[in-house]
Amino acid sequence: MNFLRLGLWLLGRERASGEWRVLLLALVIGVGSVATTGFLGDRLQRAMRDEGARFLGADLLVTSPRPVESWPDNPLATAHAVEFASMISRGDAFQLATLRAVDDAWPLRGTVRIAPRAFAPGTPGRALPPPGSVYVDPQLLPLLDAQVGDTVRIGEAAFRIAGVVVEEPGQLGGVFGLAPRVFLRGDELDRTQVLLPGSRITYLYQFAGAPPALDAFTRALKTRLDDTQRTIGSREGVETLRGAFRNMDAYLQLTALISLLLSVAAIAIAARRHALRHYDQAALLRCFGATTAQLRVLYAVQLFTLGLLGSLGGAALGALVQQALGGLILPDTLARLPALGWKPVAVAVASGLLALAGAALPALMRLIRVPPLRVLRRDLPPLPLSAWLGAAISGAALLILVVAYARDLKLVSVFVGALAALALVLALLARLALVAGRGMRTVSRGPLRFGLAQLLRHRFDSTLQLGAFTLALFLLGLLALVRTDLIESWRTQLPPDAPNHFLVNIAPHQQDAVAAWLADHHLQASALYPMVRGRLIEKNGQPIADTLPPEDRGDNSLRRELNLTWTASLPANNAVTAGRWHGDRRVAAPARGTPSGAPLLRSDPSAELSVESGMAERLHLALGDTLGFRIGDQTVAARITSIRNVKWDSMQPNFFVIFAPGMLDGLPASGIASVRVPSGPGSPMSGFVKAFPGITVLALDKLIADIEAVFARILAAIQLLLGFLLAAGLAVVVATLLASLDARRQEAVLLRTLGARRAWLAQGLMSEFVVLGLLSGVLASVCAEIAMALIAHRLFDLSPQLHPWLWLVLPPLGALLVGASGWLTTRHIVRVPPMQSLRALG
Amino acid sequence: MTPPDSARFPASIVQARALSQRVPTADGLLAILSDVALDVKAGETLAITGASGSGKSTLLGLLAGLDIASAGEVHLFGERLDTLDEDARARLRAGRVGFVFQSFQLLPALTALENVLMPLELAGRDDARARAAHWLERVGLAARARHTPRQLSGGEQQRVAIARAFATDPEIVFADEPTGNLDADTGARIVDLLFELNASAHTTLVLVTHDATLAARCQRRLHLVAGRVQDTVSA
Ligand SMILES: Nc1ncnc2c1ncn2[C@@H]1O[C@H](COP(=O)(O)OP(=O)(O)OP(=O)(O)O)[C@@H](O)[C@H]1O
Ligand SMILES: [Mg+2]
């Protein structure tokens, strides 16, 4: 006989029996939630990349001091611009400006907003002005005493000002200190005749396209570029978004893992029940002459078919739900994203099969080992499968899943460690709780006493159920905690009065006037930081590149000038992680210049500086290293005495390198500060621009609004994912209850036969579930607090804290959840008349 | 043992020699069967009788190769069972051994017809469906072919089980208390059916019972007391 066919035939016949239904349901929910998180996570990540690209203006930006003649073959969209500094004049007024000559595709991603006057909202569009005209930075208007519509000169050509640029991509990311921007047409560049051989020109190339093509292109490019050329990916577009990306990645990984584990728990319980209920069938088949190998084929084909059906169903569910959710969360980006490919479907199906194998194989392997003698002695259990083997199978399958989904090894190890600890703690706590229950039983009465007795009688079952409920509640609680903490951490990162304008290029003599002006207008400003630009060239006297492994030599912080500052007080949003903040330990500023005019080396063994931790890691910098910077024609060296964590998304002026006061004093520095300007019409900043024509004002309110929108979307997605996890948790609850249904039915029938009233029986059952739910709620709270403390510490760099509301919510939730689903699953056994039940028992 | 000119005598289907079964318990080894010997020829009917707990089911399980004795030998279809592993014994049984149980042991998800079909499919018979229908008709349940066990009475379920036992044309049928779960009237009718089918199919029948009247209908009776053969009676 073809056991494949027989297996399918039996499976088909049992379809209606409901045995497989639980398993299938658990699988559909499990794979559905995993698929949804997977699909949605994938889409969210792509949407995030999209946002990054919008901020950068492209998926990839290449800057070069020379025209790039040839590119690796690519199917990408391109845009091109030439950037240089030049004078712009109107009548007697002259001003240095940064000119950008663009083609009609610039920018490829995001938009440029052009307005008829400064601080007006403007309309989105391309950067290319109409022929014969330019778009200018609003700062230029007061400097040139011009209005939109006036004519300005650039070199030999005259242009009409067609509008002001109120917003453009790539406003952040090291533009401080640049002269105000002017956009002109690339095809009109020659008319100006300002570009002479030897002019300092930056050639900008934008690229946009599908991620795989981009990746391939970026790789091919890496080998061709030299030190003077830079690539900037969309992820690097805005440092402000980097923290958000990281947290969201970690969060989605965590969510996918948790839903996966819930479904695996549900499947394992359902599979155990299925195997238990098929011991007789397997024994009978053996009795009729089926061999172990044949039974293996028979049950394997059933398992595989179920796995395939459930996984496909789950994948379909996930695709549907994520499409709906995606439409809600990302209506604008969704249209631009490619449709779901087959790959995520295949991944979902594969994970479903793997989860099913891990959860169900040990039970099914026991099933195959049922002794045929069971047909005569019904109580005979299957030969015990080595507990280690079962654990190894499940463990291996789970580990593959966890590693595949989490990718991040740190996350995996934290998670697996926490789970192992959890299993131990759960077993212990469940035992303890049941012992406590025994005490309670002696003082309780009636149905409650019966319910407690039930819990204690099936001690193993109760421990299992308690463990499963607790796990479900724990994970839900943990998720809620992580979510709240995430929101909180973002809120504290970006308070409602976060600065939304940067003031750049404040001359030392202007400082007091600026502070007075801001105070007059009741505007809150950050500390003012002096800033000089310098390039990191040496570590401990050696060229910095020589101290790095080849793969790290291309780091962007080596390719460009860094903004250097000095201050005695540690800036807000900075935290020293190693060493000691230099504080006011100043060194005397050395005399300027040397008689011979040779480059001066400012070096003082006591000079100190502080480095940002990410940069320290990338460039292999440690406390005690001496760094040398080239600032203009001088070299400045100081020793690293502290390493700082910086919240890049804090909207404050942030610096990779901060010197102790004294070392840089006297160098030509300009000041930078951030200020909070209330939103709404009639911005006071137009007055500021008039009062301080030389100071550049960067308006970031639109950018902040964008970031907030991104976060609102992430949070919305997270809330919806929470709903999915709740469904997976309920699957666990129902599967566990179904697992004990047969035993319960028998007991109920017996009790009914012995004269127990229906109401009494119902109350007994209810009190059992409610107690179980309450207990698991308490245990879950304990576990969630512990895990949260670990996660907050390890992953999100937050300090642990207690969450009282957890203790108020989880136990009642447990009671409600377990009570309701317990009642729904078991209510019919109370209703069945004893006679009919006896027959059903067979 | 077997006469050299075995052609003149019916061959042995199942033989046991010095069969003992001891199981470890909390109070040391418990002897369930001690030194049992028997020889069942093709076409014979044998009743194993004895009080509850005397070891009848244990003996039946050993004879059918469902379990291995702690001492002694069992030969089924001429094969020495303790030299075969679990799977080899299963292959030996396939299609050649039928079973009837006290608690019927029908698969609840399958219809009456499908339950009869099961061992036929397992044995790989090609005319399985027709055979199953035929045997269901023989036990008088053709009209209930599509009913599941839950919709059948105990007697009807046992008749399905009997059809299932005979459907593969087995050489031997083992029955463990086939009337144990039935009332006297129904039990009697089941017994009639069992013997009638057995006679017409020339099957060997080994039947465990503590019902004296049922035992009396067998050609030979083997009485167990506390795991020992007390006496063997041939009709
Ligand atoms: N593996 C075992 N471990 C312990 N005790 C066993 C084992 N197998 C059988 N027994 C015991 O051996 C005795 C004989 O069991 P068996 O089932 O053969 O009796 P039986 O004659 O069929 O009884 P009944 O008429 O009640 O079915 C019983 O007391 C039984 O509990
Ligand atoms: Mg018995």
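Predicted model: local features only at pLDDT ≥ 70, side-chain atom pairs only at ≥ 80, totals over all residues.
How many nonpolar, polar and charged residues does the shell around ligand 1 have? By class, there are three nonpolar, six polar and three charged residues in that shell.

Let me begin with the ligand site. Chain B contributes, among others, Val23(B), Ile32(B) and the residues Ala51(B), Ser52(B) and Gly53(B), while Arg377(A) comes from chain A. Because residues from chains A and B surround ligand 1, the site is shared between chains. Helix α1 of chain B, residues 56-63, gives the most to this shell, with three residues.

Several polar atoms approach the ligand. Arg377(A) places a polar side-chain atom 3.0 Å from a nitrogen atom of ligand 1. A polar backbone atom of Ser54(B) is 3.2 Å from an oxygen atom of the ligand, and a polar side-chain atom of Glu177(B) lies 3.4 Å from an oxygen atom of ligand 1. Of the 640 Å² that ligand 1 exposes when taken alone, the protein buries 66%.

I turn now to the interface between the chains. Here 32 residues of chain B are in contact with 27 residues of chain A. Together the two chains bury about 2700 Å², 65% of it on carbon and sulfur atoms. Gln105(B), Glu121(B) and Leu122(B) supply 22% of the area that chain B buries against chain A, more than any other three residues.

Two salt bridges are counted between chain B and chain A. In one of them, Asp87(B) pairs with Arg286(A), with the closest N and O atoms 3.1 Å apart. On the side of chain B that touches chain A, α3(B) gives the most, with six residues.

Definitions and conventions. Residues numbered from 1 in each chain as written. Chains lettered and ligands numbered in written order. Heavy atoms only, no water. Near = heavy atom within 4 Å. Polar contact = N/O pair within 3.5 Å; in protein donor to acceptor, adjacent residues only side chain to side chain. Areas by Shrake-Rupley, 256 points an atom, 1.4 Å probe, with all protein chains shown as cover. Helix = DSSP H or I, 4+ residues; strand = E, 2+ residues; numbered from the N terminus. Nonpolar A, V, L, I, M, F, W, Y, C, P; charged D, E, K, R; others polar. Contact = heavy atoms within 4.5 Å. Buried area = accessible area lost by both parts, 1.4 Å probe. Salt bridge = Lys/Arg side-chain N within 4 Å of Asp/Glu carboxyl O.
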